[in-house]
Amino acid sequence: MVDHHKHCPKCETPWEEKETITEYFTNLFEKEGIPDYAKKDDRGARFKGVVPVKKAATNVAQSYGCTPETPKHFGKDVVGVEMDRDRVEYWECQKCKVHIDRFTGLATDKFKKKKETVH
Ligand SMILES: [Zn+2]
């Protein structure tokens with residue numbers, strides 16, 4: 001199963017930000033300060049004293065499953081297409097509009113056909 005593409009197989013547009021989610025929040029908090037929601041641990045207990053940016057960012061990133069061992073990146077220029085089972089089955093590239101089957105990793109023209117039938 002191909003669960004995740006790092007870039008569009010057709011037009012090569014990157015589908016991931018270069019920075020990890022931890023880096024994203026580190027930069028954000030350094031610029032804009034640490035929001036209240038980031039000053040609590042995963043059980044909702046507030047951190048005591050001055051919260052270091054790194055700690056807050058790491059904490060928030062963890063809720064996205066991004067840890068130093070399993071770095072994750074936010075997606076961009078791609079959207080997941082949910083079908084009737086309420087889960088993503090296709091990726092749609094926002095640049096070239098190709099649809100990629102999440103499970104086979106192959107391009108599909110299923111949506112094109114559908115649209116032509118409707119209109
Ligand atoms: Zn593309």
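Predicted model: local features only at pLDDT ≥ 70, side-chain atom pairs only at ≥ 80, totals over all residues.
Residues are numbered from 1 along each chain as its sequence is written.

**Entry: cysteine 66.** I looked up its contacts, leaving aside neighbours within four places in sequence, and found Thr20, Ile21, Thr22, Ala61, Pro71 and Lys72.

**Entry: cores.** I count a residue as buried if 20 or more other C-beta atoms lie within 10 Å of its own. A nonpolar core is a set of buried Ala, Val, Leu, Ile, Met, Phe, Trp, Tyr and Cys residues joined through C-beta atoms within 7 Å. The largest such core has 10 residues, including Cys66, Ile21 and Ala61. Helix 1 (21-32) and helix 2 (53-62) are the elements that each give it two or more residues. Helix 2 supplies the largest share, four residues. I found another core apart from it, of five residues, among them Cys8, Trp15, Trp91 and Cys93.

**Entry: whole chain.** I read helices (H or I, at least four residues) and strands (E, at least two) as DSSP runs, numbered from the N terminus. The protein chain holds three helices and four strands, in the order α-α-β-β-β-β-α. Its radius of gyration, taken over C-alpha atoms, is 18 Å, well over the 14 Å that the globule rule gives for 119 residues, so the chain is more spread out than a compact globule. That rule is 2.2 Å times the number of residues to the power 0.38. I record that 15% of the 119 residues are buried.

Methods. Buried ≥ 20, exposed ≤ 12 C-beta atoms within 10 Å, placed from the backbone. Contact = placed C-beta atoms within 7 Å.
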